[in-house]
Amino acid sequence: MKHLTEEEMIEHYYSEDLYKADAEIHLQACKQCSQSYAELGKLLGSVRAPEPPARSSDYGDQVWRSIQGALQPYPAKQKRSFFQWPQLAYAAACLLFLAGAFLAGRMWEHAHTKPSLASNPQQTKERVVLFVLDNHLDRSERLLVQLNHAGAEGEQVDLPLRGEAQQLLTDNRLYRQSVDRSNDPLLTAALDHLERVLLEVANSPEELSAADIARIEQEMNTQGLLFQIRVLRTKVSEQKQDAQAISKGVTL
Amino acid sequence: MGNDDYALVRSVLAGDKDAYGSLVARHSQSVFRVAFRITEDEADADEIVQEAFLRGYRNLEGFDARSNFRTWIYRIAMNCALDVLNKRKNQMVVPIAEDYDGEQATVQLADRAAGPDRLLLSQEIQARRYAAMEKLTATERVAFVMRHMEDRSTEEIAGALGIAPNSAKQAVFRAVQKLRQSLAPLWVKS
């Protein structure tokens, strides 16, 4: 059994011990510690605070009179008004600086934004076209990848491809007509090529054999088309990012 | 009371010196009581009260609005008491006969306890206690008085004396040990 140290007993006496309950249990169980603790209590109990001699009711006044001569009054503080010159001037200077910084920022933005690409309706329309065209090329690319993949593995193709090709075909016609007017021969040629492939797939029989797929691949050069589509996608994505950046610059 | 005190402090700092008189009148009795318990000397206690309020006035700009003026002035009084005790220690010449001697104490007590009057024993204890208290260092004495007689926590003592809580606790321990050494023989014989 670990006995309580003198320090622990003193802490317990003044109720400052962290483990008060543990000390209490130990004191009940341990006769030796209990006896020491009782002696300590008796000793400290005998040390009583000396009774201070009474002071008259005007003791405070007496103390004040004895010290007040040595005290200098604090200088009266001036009432602070916010609308005093230095504060007002400082606030005005801050406001002027902030306004100047804001205007300079605006001017800098305008100076560094291509005015020709600013928000006119034509550019807005082009951005929308780029967005949907990117989506269309993405879907077309996936279809061509699936087609090439099926051909390589020599599988019979049951055709969710056919339905997809039919949908893409309709969209592709619209895009091709739209792009015809934009003087982009590469894109026009690619969409034209894609249309032929989509037409072939969309009108293919219920089940495409490996031989049918090989024929389409060979006749339509689908590998070459896939490459073209990927190049176009990269180009369209870049144009789209440029258009978005310009759009953000303009809205600032 | 606390808010009133703070209002008075603000008045003093705004140039109204007499407002400090109200603070002195309000707290000087309690400061005297503590000062006397520490020094056990009326003149020293009066000196501490005056010195504490003087120092308080001069440092009033450092008074934190969140503090309690009473606690703040107590803290200053504790420091004044420490100074007085240290000064007293330096000036004190302890007669050899007053130094504690266990054998002598036992003999004296045996003589006095032979009578039926317990009052004599009590007086003897108080005399011994006084002598034992004089042997404590200034810090031990202030810490013990605050802990034992003023029922202040270790944190309060540490704050008043500007020491770490563990140092305050150790100061109380040492004071109790010294008192025990001085007073225990009386209890054994009684």
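1. Eleven positions are listed here for helix H4 of chain B: its buried residues are Phe69(B), Trp72(B), Ile73(B), Tyr74(B), Ala77(B), Met78(B), Cys80(B), Ala81(B), Leu82(B), Val84(B) and Leu85(B). A residue is called buried if 20 or more other C-beta atoms lie within 10 Å of its own, exposed if 12 or fewer, and partly exposed in between, with C-beta atoms placed from the backbone. Helices (H or I, at least four residues) and strands (E, at least two) are DSSP runs numbered from the N terminus.

2. This is a predicted model, in which local features need pLDDT of at least 70, side-chain atom pairs count only at pLDDT 80 or more, and totals for chains, interfaces and linings use all residues. Residues are numbered from 1 along each chain as its sequence is written, while chains are lettered from A and ligands numbered from 1 in the order in which they are written.

3. The length of H4(B) agrees with expectation, because 23 residues at 1.5 Å a residue should span 33 Å and the end C-alpha atoms are 33 Å apart. The expected span is 1.5 Å times one less than the number of residues.

4. The largest nonpolar core has 54 residues, and Ala35(B), Ala77(B), Ala81(B) and Ala143(B) have the most contacts inside it. Helix H4 (residues 69-91) of chain B supplies the largest share of this core, eleven residues. Such a core is a set of buried Ala, Val, Leu, Ile, Met, Phe, Trp, Tyr and Cys residues joined through C-beta atoms within 7 Å. Another core, of 25 residues, lies apart from it and includes Leu130(A), Ala165(A), Leu191(A) and Leu208(A).

5. Leaving aside residues up to four places away in sequence, Ala143(B) touches Ile157(B), Leu161(B), Ala168(B), Ala171(B), Val172(B) and Ala175(B). Two residues are in contact if their C-beta atoms, placed from the backbone, lie within 7 Å.

6. Two loop residues of chain B deserve a look at their backbone. Glu40(B), in the loop between helix H2 (19-39) and H3, has a positive phi of about 55 degrees although it is not a glycine. Glu40(B) is partly exposed, with 18 other C-beta atoms within 10 Å. Asp151(B) sits in the loop between helix H7 (138-149) and helix H8 (154-161), and its phi, also positive in a residue other than glycine, is near 55 degrees. Asp151(B) is exposed, with 10 other C-beta atoms within 10 Å.

7. Chain A has ten helices and two strands, in the order α-α-α-α-α-α-β-α-α-β-α-α from the N terminus. Of its 252 residues, 17% count as buried. Among contacts in chain A with a separation of 6 or more, 72% join residues 24 or more positions apart.

8. At the interface, 31 residues of chain A are in contact with 36 residues of chain B. On the chain A side, helix H1 (6-13), helix H3 (31-46) and helix H4 (59-68) each supply at least two residues, and H4(A) gives the most, with eight. By class, this side has 19 nonpolar, four polar and eight charged residues. Ala, Val, Leu, Ile, Met, Phe, Trp, Tyr, Cys and Pro count as nonpolar, Asp, Glu, Lys and Arg as charged, and the others, Gly among them, as polar.

9. The predictor gives the complex an ipTM of 0.77 and a pTM of 0.53. Chain B has a mean pLDDT of 81, with 81% of its residues at 70 or more; pLDDT is the predictor's confidence in each residue, from 0 to 100. Within chain B, confidence is lowest in helix H5 (residues 102-113), at a mean of 42, and highest in helix H3 (residues 42-58), at 94. Over residues 95-114 of chain B pLDDT stays under 50, and the model has 22 contacts beyond four places in sequence for them. Where pLDDT is low, the predicted coordinates should not be read in detail.
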